[in-house]
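Open the model in your viewer and keep the selection tool at hand. The tour goes from one stop to the next.

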Amino acid sequence: MEPQNHTRVSEFLLLGFSDDPELQLLLFGLFLSLYLVTVLGNLLIILAVSSDPHLHSPMYFFLSNLSLADISISTTTIPKMLVNFQTHSKSITYAGCIAQVNFFALFACLESLLLTVMAYDRLVAICHPLYYLVIMNPRLCGLLVLASLSISFLNSLLHYLMMTQLTFCAGVELPHYFCEFSQLFNLTCSDTSISSILIYFIGTIFGGVPLSGVLYSYSRIISSILRLSSLGGRYKAFSTCGSHLSVVCLFYGTGIGVYISSALSSSPRKSAVASVMYTVVIPMLNPFIYSLRNKDIKSSLWRISHRIA
């Protein structure tokens with residue numbers, strides 16, 4: 001089949017999980033419920049942090065930004081899938097596909113960088129507790145979030161530039177529920193030798209560097225905790241970063257798992273199922289992890305519920 005220019009490809013087909021109408025109805029209810037829980041849970045975290053003076057600290061400032069990134073990741077992927085379930089359609093426009101690629105690259109990178117910033121925050125809190133408020137001042141916290149957002153925009157721009165250089169054959173079918181760049185890259189009709197090198201470079205920089213920062217921070221944290229003589233002191237120090245460590249393990253663990261499964265599995269739809277973990281499940285679980293393990297968040301949410309009642 002002769003390749004055609006990408007501007008002539010007006011739409012892509014998202015094959016999703018199943019063609020069975022009854023199963024699609026069940027999936028619609030499931031993903032709608034997960035999406036609503038994700039949005040509500042993360043909005044409650046943002047509301048608690050913004051309304052409670054006791055939570056006006058660097059850790060909770062970063063947490064509220066992480067919750068916003070979680071809402072954004074889910075909103076990038078789930079609503080279009082729900083619309084397709086309802087309309088029994090699988091199509092997405094070329095412009096819509098580019099938007100999904102760009103926004104997903106933006107918010108996934110932002111979440112990764114925010115987790116790195118939060119790891120640094122925990123490093124300062126545990127290793128330099130007396131200077132914590134001096135080091136993690138409001139100006140530095142704002143600059144860290146702004147820098148994370150700027151780097152994420154750069155990552156999104158690079159994905160956009162690569163996407164616009166790809167050419168596709170007519171009738172492009174994606175065995176996925178959203179426009180994931182790696183899936184689009186596998187279906188292109190153009191020469192991808194240079195783009196492949198660029199993808200590995202981008203993955204190393206925007207994925208490997210934040211992960212290295214997290215690993216370095218926790219190596220310092222663990223080393224500092226082990227030097228404490230008191231068992232109670234060790235537990236108290238570790239409990240301050242337990243929630244963040246759980247989220248980090250979920251985010252990077254599932255991301256690496258999806259990458260390995262997509263590389264080893266011959267079924268693209270299995271990769272789509274695995275992708276549900278970091279696009280749907282993790283953004284939903286993050287508020288529960290932080291609220292269930294954090295007395296301050298639970299107290300703030302309890303006070304909010306009482307004011308509403």
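Is Cys179 buried or exposed? Cys179 counts as buried, at 1% relative accessibility. Here buried means under 20% relative accessible area, exposed over 50%, and partly exposed in between, with a 1.4 Å probe and protein chains only.

Before moving on, note that this is a predicted model, in which local features need pLDDT of at least 70, side-chain atom pairs count only at pLDDT 80 or more, and totals for chains, interfaces and linings use all residues. Residues are numbered from 1 along each chain as its sequence is written, and side-chain values use heavy atoms, with hydrogens and water left out.

**Stop 1: the disulfide**

A disulfide joins the two, S to S 2.0 Å. The term covers a pair of cysteine sulfur atoms within 2.5 Å. The whole structure has one disulfide. Its angle about the S-S bond is -115°, and the link is left-handed. Cys97 sits in helix H3 and Cys179 in the loop between strand S3 (173-174) and helix H6 (181-186), so the link ties together parts that are 82 residues apart in sequence. Helices (H or I, at least four residues) and strands (E, at least two) are DSSP runs, numbered from the N terminus. Cys97 is buried, at 0% relative accessibility.

Now select Cys127. It is in no disulfide, and the nearest cysteine sulfur, that of Cys241, is 9.7 Å away. Go on to Cys141. Its sulfur is 17 Å from the closest cysteine sulfur, in Cys127, which is too far for a bond. Cys141 is buried, at 4% relative accessibility.

**Stop 2: the salt bridges**

How many salt bridges are there? The count comes to two. The rule asks for a side-chain nitrogen of Lys or Arg within 4 Å of a carboxyl oxygen of Asp or Glu.

Select Asp52 and Arg303. They form a salt bridge, with the closest N and O atoms 2.3 Å apart. Asp52 is in the loop between helix H1 (21-51) and H2, and Arg303 is in helix H11, so this pair ties together parts that are 251 residues apart in sequence. Asp52 is buried, with a relative accessible area of 6%. Arg303 is partly exposed, at 37%.

Next, select Asp121 and Arg122. Their side chains meet in a salt bridge, at 2.8 Å from N to O. Both residues are buried.

**Stop 3: the second largest pocket**

Colour the helices next. Those that supply at least two lining residues each include H2 (58-87), H8 (231-239) and H10 (268-292). H3 gives the most, with five residues.

**Stop 4: Ser72**

Finish in helix H2, where Ser72 lies. Its side chain reaches the backbone oxygen of Leu68 at 2.9 Å. Ser72 is buried, with a relative accessible area of 15%.

Note on methods:
A polar contact is a pair of N or O atoms within 3.5 Å; within protein, one must be able to donate a hydrogen and the other to accept it, and residues adjacent in sequence count only if both atoms are side-chain atoms.
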